[in-house]
Amino acid sequence: MCNTSFKKIVFFFSFLIGVFINAQNIEQKTIQPKIIVIPNLKSGEDLREKIENDVNYRIALTKIKEAFDIRGFTTIDAIAKIKSIQTNAALSQETQTDLKTEIIRSSSADIYVDAEININQTNSGNSVDFILTSYEVSTGNSLSNKVGNSGKFYTDDYSRLTSKAIETVADDFLNVMQTKFDQIVKDGRSIILNISIDKESSYTFDSDVGDVSLGEKIENWIADNSYKNNYSFPVISEFLMVFDQVRIPLFDQNGRNYSPNKFSKSLENYLKAYGLKLKTTYLGNTQNIIIQ
């Protein structure tokens, strides 16, 4: 075999190996969520005051953010986000739920983490419990929950105890959360879809729309547009159709978050093309469409 031919063969196999390695790297790449950590609020508590006046919570938010950052997660600084929203005059200062919701919404996070600190004072030493619960932003579904404990020490340095409590829980918490998130990326997120017919409407689910009944038209669209055709068969009556599980993708074709609202809006636009009038309301992962 001539030297030139041998070089061509070596180059060809080197190229194939490179393609194979790159394909493996693409396949193994883990999609990680964007995360924001928010303090747990008890009844009557003010979110701004909790962060501004409670040094333990400020340390907790910073420490857990650092723990996420070290492990390669993209995190949003909740303290900075709260300060930026303080200048928004349109936001009610009295409605704490609105503030928390606005922080989460404006952060563009995939997951928010609720952080709770409990200080325990006893004669045999003081300790801190650190409770972490993560939720998927778009659906409100819980992903992971872990409780860390600092252990008992004869100290009033609760900031230090808070740090110790975080160290005991961070790895397990993040591993469970990542596993659940990976499953969502693979199988899609689950939503509930309620489709009802207004009592004043002339339609029922047996009404003809195009070449099939309205109920069949809707189910066919769900079958074609649910993620990997994964959905539960509907519970249906004359005026109500309930899909208690419809899987939708986490991201759209452009890599942007694909929310349950976008899925419902697409169904709404599809039905409007047949002359139907609709009203849609959203509550987390529950989507309600009313045919008028």
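Predicted model: local features only at pLDDT ≥ 70, side-chain atom pairs only at ≥ 80, totals over all residues.
**A walk through the helices and cores**

Helices here are DSSP runs of H or I with at least four residues, and strands are E runs of at least two, numbered from the N terminus.

Let's turn to a helix pair. H3 (residues 55-70) and H6 (residues 158-187) pack at about 35°, their axes 9 Å apart; axes are lines fitted to C-alpha atoms over the stretch in contact, and angles run from 0 to 180 degrees between N-to-C directions. Contact (heavy atoms within 4.5 Å) involves, among others, Ile-59, Ile-64 and Phe-68 of H3 and Ile-166, Phe-173 and Leu-174 of H6.

Now for the cores, sets of buried Ala, Val, Leu, Ile, Met, Phe, Trp, Tyr and Cys residues joined through side-chain atoms within 4.5 Å. The largest has 41 residues, and Ile-64, Phe-68 and Met-177 are among those with the most contacts inside it. H6 gives this core its largest share, 11 residues. Apart from it lies another core of 24 residues, including Ile-195 and Phe-205.

A note on reading the model: residues are numbered from 1 along each chain as its sequence is written. Local features need pLDDT of at least 70 and side-chain atom pairs count only at pLDDT 80 or more, while totals for chains, interfaces and linings use all residues, and side-chain values use heavy atoms, leaving out hydrogens and water.

Conventions: Buried < 20%, exposed > 50% of the residue type's maximum accessible area, 1.4 Å probe, protein only.
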